[in-house]
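This briefing covers ring contacts, a surface patch, strand pairing and salt bridges in one protein model.

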Amino acid sequence: MDNFSLREASTCLVLLTLTGALWNRPFVKGEKCGLNIQEKPVVDISSSPESNIFPIGASINLTCKAEPRAEDVSHLDRWVNYIRWYDPQGNEVGEKCQQPDQKKRVKSCPLVLKNLTVDKFGNYTCQSGNDYPNHCTRKSFNIGIQGAAPNLIGVPRNQSADIGANVTFNCTAIGFPKPIISWIKNSDSSALQSNLRVKFINDSMDDKSIQSQLLLIVGVKMEDFGKYQCKAESVVGKKLSLPAFLTPKGSDDQLPEFVKGPKNQSVPIGSDAIFSCTVNGLPRPTIHWIRDDASHAVQSNTRARFKIIQPAEKPVVNIYSSPENNSFPIGASINLTCTARPRLEDYRQINTWVKYIRWYGPQSNEVEAQCQQPDIKNRDKIYRCQLVLTNLTVDKFGNYTCQSGNDYPRHCTRKSFNIRIQGAALKLIGVPRNQSADIGANVTFNCTASGFPKPTISWIKNNNSSALQSNLRVKFINSTMDDKSIQSQLLLIIGVKMDDFGKYQCKAESVVGKNLSLPGFLTRKGSDDQLPEIVKGPKSQSVSIGFDAIFSCTANGLQGQPSIR
């Protein structure tokens with residue numbers, strides 16, 4: 001009441017006398033807030049830090065502020081009596097902030113959340129009421145997980161098998177928190193759960209963001225043939241793989257295969273949205289569309305249109321690898337097989353049958369000999385051309401392109417297969433440190449990096465990567481390491497001069513990526529200056545579009561206040 005005028009205070013005292021019986025009403029546990037009631041508190045929630053997206057393990061303070069409406073200020077029984085918090089499961093959480101006596105009214109109520117776990121994310125609801133039952137207001141604050149959406153880095157592949165054989169499909173997903181993998185057969189997520197011959201084998205991974213699972217079918221039966229998909233799911237989102245088909249071995253059919261699937265897109269309300277899907281198969285596959293795991297949601301939409309587009313008269317091309325992977329270590333070997341055939345509708349036209357298959361390397365140059373069909377009368381309907389790559393070096397990684405054409409000029413198809421290096425990300429395990437030296441002394445900075453393939457190390461002085469190359473007093477000394485993934489280098493400065501003082505950084509680099517060290521400073525010995533030192537550098541983070549991103553950097557130094565760039 002400190003902010004009221006004398007007239008307002010008098011009015012309140014009169015009301016207190018008339019309605020004193022209301023002050024001691026007990027709090028109604030779990031009371032429902034009336035939707036059509038006007039005389040209830042106005043509620044607002046603030047957070048510290050000011051965000052609603054946090055990583056697992058973070059801490060956050062929520063503050064619920066409540067006050068009567070402006071027109072209710074003169075009615076003490078409409079002032080805030082209590083504030084209570086509820087967690088994402090609807091349970092009471094934290095301390096209830098209750099009206100202590102008739103002279104004091106609660107205005108805010110804090111909720112401190114520490115070391116957030118997955119189950120602690122979600123909607124936190126603040127409820128505030130006055131002295132009248134059901135005269136309360138609820139407001140929620142959603143705490144979202146700052147994570148990485150699931151992504152499939154290994155998916156089930158088409159395969160064929162004999163009756164009685166054992167078959168495995170693999171699915172590997174990456175994301176944070178680590179995703180959970182489930183399997184779907186013929187668009188039915190429960191079809192595999194009741195099959196006693198099906199086993200789900202989790203592959204143990206030390207990585208906290210990667211989950212891998214094998215689907216094992218023991219003793220294949222006829223009813224096991226069909227379409228298989230895996231789904232990676234976490235609190236951040238979900239990802240469904242394209243289908244892989246299991247068919248009987250020896251069949252002449254070509255398994256349906258997605259050449260191009262629908263892509264994510266956003267459009268304004270009222271605009272058209274077009275999704276495209278291209279599939280190969282023999283016999284010709286049919287395409288069905290599913291929205292939110294329900295096919296009827298698309299079929300019953302009167303605004304949805306379906307159009308079948310026939311491709312041009314050129315070969316259908318596929319590429320297969322052995323081993324079945326696209327990520328390999330340096331020195332590995334791989335066989336690529338390009339399979340080409342005419343479209344189904346072109347089978348009767350022999351001049352549309354495959355005439356040649358040609359391979360191109362990552363530098364777009366021809367590799368190996370061209371595979372050429374004999375004369376038109378003796379051509380195979382399905383033609384294959386193999387490319388064998390042995391002892392892969394860095395320059396041999398990249399896109400390998402198969403091109404196949406028929407007798408018509410420019411009636412050809414290209415398809416690529418990307419061979420990636422299976423490496424380890426770069427990490428600096430030894431970095432240059434601050435030091436001081438006399439004029440004429442010798443100085444060394446050390447830099448050690450790990451990664452696969454083994455990284456190369458270069459040096460930067462005062463943000464100039466070429467400043468040290470022309471200094472004849474500078475020597476770069478590589479340290480011999482038996483480990484194939486660790487590289488160490490010393491930077492030696494012989495006979496230090498004034499122009500050698502400054503900031504030094506090392507950079508580790510390989511085909512996998514690069515990493516730049518924090519700076520180490522060289523200053524003159526005996527100076528009263530304290531070398532600049534990074535106390536706390538910026539941390540990696542991810543935020544949603546539209547949210548603020550804040551990077552922090554703290555430095556110590558005694559040469560005037562250090563400047564941060």
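The points below are grouped by topic.

The model is predicted: local features need pLDDT of at least 70, side-chain atom pairs count only at pLDDT 80 or more, and totals for chains, interfaces and linings use all residues. Residues are numbered from 1 along each chain as its sequence is written, and side-chain values use heavy atoms, with hydrogens and water left out.

**Aromatic pairs**

- Two aromatic pairs are counted, where rings of Phe, Tyr and Trp (its six-membered ring) pair if their centres lie within 6.5 Å, and planes under 30 degrees apart count as stacked, over 60 as edge-to-face and the rest as tilted.
- F169 and Y228 form a stacked pair, with 4.9 Å from centre to centre and 25 degrees between the planes.
- This pair links distant parts of the chain, 59 residues apart: F169 belongs to strand β11 (residues 167–176) and Y228 to strand β15 (residues 226–234). Strands here are DSSP runs (E, at least two residues), numbered from the N terminus.
- Both F169 and Y228 are buried, that is, under 20% relative accessible area, with exposed meaning over 50% and partly exposed in between (1.4 Å probe, protein chains only).
- The F445 and Y504 pair is stacked because the ring centres are 4.9 Å apart and the planes stand at 25 degrees.
- F445 in strand β30 (residues 443–452) and Y504 in strand β34 (residues 502–510) also link distant parts of the chain, 59 residues apart.
- F445 and Y504 are buried.

**Charges over rings**

- R138 lies over the face of Y86, at 4.5 Å from the ring centre; the rule asks for NZ of Lys or CZ of Arg within 6 Å of the ring centre and within 35 degrees of the ring normal.
- R414 lies over the face of Y360, at 4.5 Å from the ring centre.

**Nonpolar surface patch**

- I56, V118, F176 and V235 make a nonpolar surface patch of about 300 Å². Patches consist of residues with over 30% relative accessible area and no salt bridge, with nonpolar side chains (Val, Leu, Ile, Met, Phe, Trp, Tyr) joined within 5 Å and like charges within 9 Å. Areas come from the Shrake-Rupley method with a 1.4 Å probe, and for residues only the protein chains shown count as cover.
- V235 is in the loop between β15 and β16 (237–240), and V235 counts as exposed because its relative accessibility is 53%.

**An open sheet**

- Five strands form an open sheet in the order β2-β8-β7-β4-β5, with mixed pairing; two strands pair if DSSP finds at least two bridges between them.
- The edge strands β2 (53–54) and β5 (92–98) each have a single partner strand, so one side of each has no neighbour in the sheet.
- Strand β4 (residues 82–86) and β5 run antiparallel and are joined by four bridges.
- Y86 stands opposite E92 in β5.

**Salt bridges**

- The count is 13 salt bridges, each a side-chain nitrogen of Lys or Arg within 4 Å of a carboxyl oxygen of Asp or Glu.
- R69 and D72 meet in a salt bridge (2.8 Å, N to O). R69 counts as buried at 18% relative accessibility, and D72 is buried with a relative accessible area of 1%.
- D72 also meets R78 in a salt bridge (2.9 Å, N to O).
- R473 and D500 form a salt bridge (2.8 Å, N to O), and both R473 and D500 are buried.
- Salt bridges that share partners join R69, E71, D72 and R78 into one network.
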